[in-house]
Amino acid sequence: MVQWTDAERAAIADIFGKIDRDVVGPNALARCLIVYPWTRRYFGGFGNLYSADAILANPKVAAHGKVVFGGLEKAVKNLDDIKITFAPLSELHSEKLNVDPDNFRLLADCLTLVIAGQMRAAFTPEVQAAWQKFLAVVVSALCRQYY
Amino acid sequence: MSLTDSDKALVKKVWAKIAPKADEIGADALGRMLYVYPQTRTYFAHWPDMSPGSAPVKNHGKTIMKAVGDAVSKIDDLVGGLSALSDLHAFKMRVDPGNFRVRAPYIQTILAHNLLVSLAVFFPADFTPEVHVTMDKFLGAVAAALSAKYR
């Protein structure tokens, strides 16, 4: 089971308290589609994803970014139980959506960079370490039901 | 994945903007890397202090950013231009090339990722999605050039 120190729990709670939830999710997902264009293959029904500007303006991307962020909020509410909490989501991504799990790490990197830009100096190495550990646990949980 | 002319132009533009803070960014990125990815400390075990903000980290951050700046000036031939540095990392220091890249299959990566974090922290308004993808590609190309002489 994942062990969280008090400092890590505090850092993660602090991040969620500071960041704008309506901005981070949409921004991170848009970046993922722009920086790693092969990820667009999973969003065929989203309409125009042909350029950075189109992606940034796409309402379906924005809406889905908020859905993704909602998933992270669920994880932070269940910090000691992420694996079990995410089992259905993992199954969804592997069985129904057929997402290559490498892509979870790409989106995780984009989330980290968006948050770094929002928090700036407050995103210290200690906070970054706690955040990346959190994301690693989430990604691991999402990968769990594969195979 | 190779750098287009517009990528190269944007890299030069970004470098001109961030160059005044290059030392700070280098120190910041290196400090983050050593803290967040403790496995990278094996290469710096001879330093008296590896903590973010320490003198060895600041100095080496400067060295790294000088090399990145050099890479910008040699952007049309990174493999040739960084050949000596690749020799150094491969044969003298024997650094696992996974440590340079933006993305590695299993381990989260490392120096380039932390350089991007530092860019986002120091220049959030400039770190647009376009700049993000271009710098990601550029640092990937630099990492590939640094790995070129390994075998």
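**View 1. The charges of chain A in this predicted model.** The 16 positive and 15 negative charges of chain A have mean positions 4 Å apart. Here Lys and Arg count as positive, Asp and Glu as negative, with His and the chain ends not counted; each charge is placed at NZ of Lys, CZ of Arg, CG of Asp or CD of Glu. This is a predicted model, where local features need pLDDT of at least 70, side-chain atom pairs count only at pLDDT 80 or more, and totals for chains, interfaces and linings use all residues. Residues are numbered from 1 along each chain as its sequence is written, chains are lettered from A and ligands numbered from 1 in the order written, and side-chain values use heavy atoms, leaving out hydrogens and water.

**View 2. The helices of chain A.** Chain A has eight helices and zero strands (DSSP runs: helices are H or I, at least four residues; strands are E, at least two; numbered from the N terminus).

**View 3. Inside chain A.** Of its 147 residues, 50% count as buried (under 20% relative accessible area, 1.4 Å probe, protein chains only). Take contacts (heavy atoms within 4.5 Å) between residues at least 6 apart in sequence: 73% join residues at least 24 apart.

View 4. Helix H1 (residues 5-18) of chain B scores highest, at 97, and helix H5 (residues 83-92) of chain B lowest, at a mean of 82. Over residues 102-109 of chain B, pLDDT stays under 50.

Notes
pLDDT is the predictor's confidence in each residue, from 0 to 100.
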